[in-house]
Amino acid sequence: MTPHFGLAEFGFLLRGLQWTVLLTLVAFVGGCTAGLAVALLCTCGHRSVEWITRIYIGIFQGTPLLLQLFVVYYGLALTGLKLDAFVAVAIGFTVNASAFLGEIWRGAIQAVPRGQTEAAMALGLHYSSRMRDIVLPQAIRISLPATIGYLVQLIKGTSLAAIVGFIELARAGQIVSNQTFQPLLVFGVVGAMYFILCWPLSWWGSRMEARLSLASQR
Amino acid sequence: MGYTLDFSVVWHAMPALLWGCVGTLGLALAGMTLAMMIGVAGVAARDSKVAWLRATIIGFVEVVRNTPFLVQIFFLFFALPLVGLKLNPTATAIIALGVNGGAYAIEIIRGGVQSIHKGQIEAGYALGLHKGQVFRFIVLKPALRAIYPSLTGQFIMLTLTSSICSAVSAYELTSVAQRIESDTFRSFEVYFSVTFLYLAISWLLMLGFAVVSHRFFSYPTR
């Protein structure tokens with residue numbers, strides 16, 4: 001007798017959802033930290049450093065996320081580290097997020113009018129104060145819609161952890177679908193869960209984008 | 001750890017991998033063609049006067065853009081047979097890529113159409129151009145120029161997304177890589193090399209698109 005899609009199965013999906021949220025948070029926090037470093041290196045003014053970070057970003061933007069996960073997952077295994085699946089995929093998503101957030105923030109830093117940096121230099125502020133007090137606060141504001149947009153991408157992207165066998169929402173959906181033989185219902189519910197997670201963020205991001213573009217028109 | 005990297009398996013498998021690249025490009029091309037058709041039809045339907053049609057298109061775009069491609073392809077993989085479409089995995093993958101890309105194409109094309117000011121069209125008529133000329137010179141070319149970067153970017157994204165179609169074992173580069181991996185157990189070497197094949201594909205596409213853009217969409221400066 002095969003189980004029907006009931007409360008127990010729904011609870012299993014909810015636990016998968018928890019892992020999706022946790023994975024997203026870890027990758028986002030880690031990606032923000034490393035991404036800030038990437039963005040600062042990319043705008044530091046040294047030609048060779050900027051080139052290397054550009055290549056770093058280009059590699060992540062020019063290859064599929066799935067393959068990046070495979071490389072990290074199997075690559076870490078080769079080093080002899082006994083990591084469980086969560087740590088491996090979390091590292092993969094963090095590195096990926098650092099490249100994408102780095103690119104978003106590089107653009108935002110460069111979008112801050114040059115006069116601001118020049119004025120800060122004229123005031124005798126050194127690099128760290130110039131960045132922390134003048135440039136970054138403005139850059140963060142400019143980059144917020146794109147950053148939220150990337151967060152939505154990241155939530156959707158974590159579904160790929162299912163393919164390397166980590167049980168998050170999409171993998172939980174596969175398992176329940178195989179148990180109950182009700183794939184349409186199960187994947188419909190899984191899709192709805194992702195939608196409920198992502199749609200408010202998308203809406204928030206696009207509203208903020210509209211507000212920012214209005215502000216810049218004035 | 002006594003593991004030594006051995007890339008010779010990749011070298012031996014290169015012909016199969018290159019055919020996988022062809023499969024990936026074919027999948028992306030077919031998917032993008034379908035996406036463009038959905039995009040154009042969707043834009044027309046989204047600006048129609050029928051309220052429920054507009055709502056359907058907006059709903060479609062929001063749902064597709066806020067759910068993962070993996071879940072979409074699984075859903076289609078099981079749903080299509082129910083509506084009488086008994087398709088092989090590759091055809092299913094093309095439909096999934098087309099539906100996914102179509103939602104993004106609707107937004108991109110709509111942005112391009114909206115970027116043409118009404119005054120431009122009126123100015124065209126005032127200059128004595130007839131309808132076809134106004135469409136060709138004032139609407140179509142500037143709109144194409146406006147959407148070209150996002151549309152080609154979307155195409156590259158679609159090419160990379162097609163790797164997920166290996167989950168329903170469509171024929172493309174990643175599924176070929178998975179087969180080689182399960183034959184040789186050289187996971188890292190195979191996936192590492194295949195990642196660079198994807199990088200080569202997307203860089204070549206980018207280069208090609210830039211050449212086309214330079215040839216057809218650069219503003220005449222003379």
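Ring pairs join A:Phe70, A:Tyr73, A:Tyr74 and B:Tyr191 into a cluster. Here rings of Phe, Tyr and Trp (for Trp, its six-membered ring) pair if their centres lie within 6.5 Å; planes under 30 degrees apart count as stacked, over 60 as edge-to-face and the rest as tilted. The model is predicted: local features need pLDDT of at least 70 and side-chain atom pairs count only at pLDDT 80 or more, while totals for chains, interfaces and linings use all residues. Residues are numbered from 1 along each chain as its sequence is written, chains are lettered from A and ligands numbered from 1 in the order in which they are written, and side-chain values use heavy atoms, with hydrogens and water left out.

By the ring rule, the count over all chains comes to 19 aromatic pairs. One of these pairs is formed by A:Trp19 and A:Phe166, which are edge-to-face, with 5.7 Å from centre to centre and 85° between the planes. This pair links distant parts of the chain, 147 residues apart: A:Trp19 belongs to helix H1 (residues 7–42) of chain A, and A:Phe166 to the loop between helix H6 (127–157) and helix H7 (169–180) of chain A. Helices (H or I, at least four residues) and strands (E, at least two) are DSSP runs, numbered from the N terminus. A:Phe166 is buried, at a relative accessible area of 8%, whereas A:Trp19 is partly exposed at 38%. Buried means under 20% relative accessible area, exposed over 50%, and partly exposed in between (1.4 Å probe, protein chains only).

The rings of A:Phe187 and B:Phe78 are stacked, because their planes lie at 10° with the centres 6.0 Å apart. A:Phe187 is in helix H8 (residues 183–217) of chain A and B:Phe78 in helix H4 (residues 69–79) of chain B, so this pair joins two chains. A:Phe187 is buried at 3% relative accessibility, and B:Phe78 is partly exposed at 30%.

Within chain B, helix H2 (residues 14–46) and helix H3 (residues 51–65) pack at an angle of about 135°, their axes 8 Å apart. Axes are lines fitted to C-alpha atoms, for helices over the stretch in contact, and angles run from 0 to 180 degrees between N-to-C directions. H2(B) and H3(B) are therefore oblique to each other; angles under 35 degrees count as roughly parallel, over 145 as roughly antiparallel, 65 to 115 as roughly perpendicular and the rest as oblique. The contact (heavy atoms within 4.5 Å) involves B:Ile38, B:Gly42, B:Ala45 and B:Arg46 of H2(B), and B:Leu53, B:Arg54, B:Ile57, B:Ile58 and B:Phe60 of H3(B).

Also in chain B, the axes of helix H6 (residues 118–126) and helix H7 (residues 131–161) come within 10 Å and cross at roughly 135°. H6(B) and H7(B) are therefore likewise oblique to each other. From H6(B), the contact draws on B:Gln120, B:Ile121, B:Gly124 and B:Tyr125, and from H7(B) on B:Lys131, B:Val134, B:Ile138 and B:Val139.

In chain A, A:Thr94 lies in helix H4 (residues 85–111) and is buried at 19% relative accessibility. Apart from neighbours within four places in sequence, A:Thr94 is in contact with A:Val26, A:Ala27, A:Gly30 and A:Gly31.

Two loop residues remain. A:Phe181, in the loop between H7 and H8 of chain A, has a phi near 55°, a positive value in a residue other than glycine; A:Phe181 is exposed at 61% relative accessibility. B:Phe185, in the loop between helix H8 (173–184) and helix H9 (187–216) of chain B, has a positive phi near 60° and is exposed at 65% relative accessibility.
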